[in-house]
Amino acid sequence: MDKNTIIGLGLIGVILAVFTFFNQPSEEELKERMAQQELVAQQQKEAAEKTESKITKKTVENPAPKAVLDENGNPVLDSLGNTVYANDTLMVEEAETVGIVDARDVEEETFVLENEKLKIILTNKGGGVKSVFLKGYQTYENFRKNEGTEEITPLQLFDEEIASNGLKFKTDKGEQYTSGVAFELLRQTENYISFIAHYDEGKSIEQIYSITPDQYHINYEVKMKGFEGEVTPERVFLDWEVEMLMTEKLLSEQRRISTVFFKEKGGSYDYLSEYSDDEFAAKTDVDWVAFKQSYFSSIIMPDKPFMKEGTTFKVVNYEEGSEKDSSHIKAYSSSMNLGLSNTGNGSVQMKWFFGPNDYDVLESYANGSEDIINYGWGLFRWINIYAIQPLFVWLAGFGMSAGIAILLLTIIVKLILTPIQWKMFASSAKMRILKPEVEEINKKYPNKDDAMKKQMEMMTLYRESGASPLAGCVPMLIQMPILFAVFRFFPSTFTLRQEGFLWAEDLSSYDSILDLSFNIPFYGSHVSLFTLLMAITTLFYTVLNSSNMQQPSQPGMPNMKIIMYFFPIMMIFFFNNYASGLSYYYFISTLMSILTMVMIKNFFVNEDKLKAKMAARQSASKGDGKKGKSKFQERLEQMQKAQQEKLKNSKKK
């Protein structure tokens, strides 16, 4: 360095030394700065104490989407049977926590599980199911809106504002509800999500959800750790509450068949009232619980039955004119005893179904949950399950429209019943031939005292001619179970939902050719054409059969003709709001009955030949008084004679 450079550096050093000397803090300033530093440290400490209960996490990610293999080269599975991948996102706990965080004090985060059929929205507030969407279905409103397009607006099953699931248990601090606790995300993959809430040190509750491809259910697991000695295992409950949203055309019809169903262990299904508020406490352990509406349900199916102690169910209707009266079906709630083996390290697994009330879908779970579909009881249900339902599914499987499938189903059923209808017509023809003779007997014995004589002579006439007034009733009794069975089948069959035919846009609901601007009591605010056609054909069928209806022989007895003519009018009011698929079936069935009757009368039953045959039988029977008599008839005649002798003796006294 030259002399000038050295002199310059020296001057700079002197200036810095002088500046530092004159700008150094005084003793008072040093004390003030130290006080400020201590204040900042205290504030940081207090802030740390306030957030001490929160979990500090770090995210560890492996970029390669590769399955984890065991020592034998097989994929590693988690507790719910899902493959574990090396690129799973794991939330690793770095610090112990003290106390829980109120859900109201955190910002809500939502997470999604979905497959081809479901989209499940989960929330960190309570760690529960917030909402469910069914991808392949839509509400009636969206169905009409998207009509003519291939667009489907997924159906939302229940109200996300009133939907919660969480544990309820008692500690020395009082009743605890996890639905009000903020949960932390513990682990997440494409088809798996788990949440955890830490209580005091070493105590935690974990909720695990996983979804299976192409299924209508999710797997749900609850784990409870560190609560041994503090929480009784037999007193831990799963609380579940939802408010079902309107999805169909007619809300009143949805409400009519919506309620809580459940199946008690070792017994059959049971349900709460469909018409009023109701609640029930379980008497035995419970296999499953269903929140059912007309065509969709949410069903919890535990691997091990819920314990009966404390298990309750409740359904509540909305008050008329209330905010949710026009948009929601009902409010459902249940509290189910999980039956934990222990609270130190106990867990419960279950399936949670969200889907259609389709018989085949529910039957695949092999737990009786298909019983929630109202196919009737006893014989009527058996007819639907083993005859009508398989036949209808088979026909619909050919790709034809639901309306054509109903038409073919009706034809097949009527063909099977044709021999019975032939028997009924032959019997009615015999009674029609004997009508003049029956009237002569009535004139012969006008007095009540001669009732026994008249009855004996009537029986003799029927026996000799081969006719029987009951012969037409028996075939009718055989047909009646089928008529009642289909009455339950069509309104409950999921296959008809949003399937149109002719002017009916949805065979699962009423059809309307005219919407009225006013409501007619007991009728409605629309005109159903299928109902009118059904009533007209029923009236015409009644007129054709009116000649076979006998007038009442006793005073005060109702006139059957008047009753039968009034019946079709009643049907107009009764069926106007029912599923158009049902009215369509009855219309086709009655129309075919008329055609069958005409064909039998004109081509199969010749009344002149039948009359001659009956006359020949009568002649043969009169030739031998005992010919054709059954032991029952002989015994009955003996009883009648004894009764007459008794009456004569009483008059002599």
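Which residue in E8 is the bridge partner of Thr171? In this predicted model, the partner is Gly174. That pairing belongs to the contact between strand E7, residues 158–171, and E8, which run antiparallel and are joined by 4 bridges. It makes a handy way into the sheet described next.

Strands E7 and E8 sit in an open sheet of 6 strands, whose order is E8-E7-E13-E20-E19-E16 and whose pairing is antiparallel. Its edges are formed by strand E8 (174–177) and strand E16 (278–281), each of which pairs on one side only. On average, and with direction ignored, neighbouring strands of the sheet are turned by 15° against each other.

The chain holds 15 helices and 23 strands, and 43% of its 653 residues count as buried. Among contacts in the chain with a separation of 6 or more, 66% are between residues 24 or more positions apart.

Helix H6 (residues 378–396) has 19 residues, which at 1.5 Å a residue should span 27 Å; the end C-alpha atoms are 26 Å apart, which agrees. Even so, H6 has a kink of about 40°, centred on Asn384. Asn384 is itself one of the buried residues of H6, a set that also contains Phe380, Arg381, Ile383, Ile385, Ile388, Gln389, Phe392 and Leu395. Trp382 lies in helix H6 too, but this residue is exposed, because its relative accessible area of 54% is over the 50% cut-off. The C-alpha atom of Trp382 is separated by 8.7 Å from that of Ala485, a residue 103 positions away along the chain.

The buried residues in H11 include Phe530, Met534 and Ala535. Thr531, Thr537, Thr538, Thr542 and Asn545 in H11 are buried as well.

Turning to charged side chains, side chains of opposite charge can pair when their charged atoms come close. The count of salt bridges in the model comes to 16. One of them joins Arg497 to Glu248, with the closest N and O atoms 2.8 Å apart. Arg497 lies in the loop between helix H10 (473–492) and strand E22 (514–520), and Glu248 in the loop between strand E13 (237–245) and helix H4 (251–256), so the pair ties together parts that are 249 residues apart in sequence. Both Arg497 and Glu248 are buried.

A further salt bridge links Asp287 with Lys263, where the closest N and O atoms are 3.1 Å apart. This pair connects distant parts of the chain, with Asp287 in strand E17 (residues 286–292) and Lys263 in strand E14 (residues 259–264), 24 residues apart. Lys263 counts as buried because its relative accessibility of 14% is under the 20% cut-off. Asp287 can also be placed relative to Gly266: their C-alpha atoms are separated by 8.8 Å, and the two are 21 residues apart along the chain. Gly266 lies in the loop between E14 and strand E15 (269–271), and at 82% relative accessibility this glycine counts as exposed.

Lys203 and Asp200 also meet in a salt bridge through their side chains, at 4.0 Å from N to O. Is Lys203 buried or exposed? Lys203 counts as buried, at 16% relative accessibility, whereas Asp200 is partly exposed, with a relative accessible area of 27%. Finally, salt bridges also form a network, which links Arg144, Glu147, Lys249 and Glu505.

Conventions:
Residues are numbered from 1 along each chain as its sequence is written. This is a predicted model: local features need pLDDT of at least 70, side-chain atom pairs count only at pLDDT 80 or more; totals for chains, interfaces and linings use all residues. Side-chain values use heavy atoms; hydrogens and water are left out. Two strands pair if DSSP finds at least two bridges between them. Helices (H or I, at least four residues) and strands (E, at least two) are DSSP runs, numbered from the N terminus. Axes are lines fitted to C-alpha atoms, for helices over the stretch in contact, and angles run from 0 to 180 degrees between N-to-C directions. Buried means under 20% relative accessible area, exposed over 50%, partly exposed in between (1.4 Å probe, protein chains only). The expected span of a helix is 1.5 Å times one less than its number of residues. The bend at a residue is the angle between axes fitted to the seven residues ending there and the seven starting there. Contact means heavy atoms within 4.5 Å.
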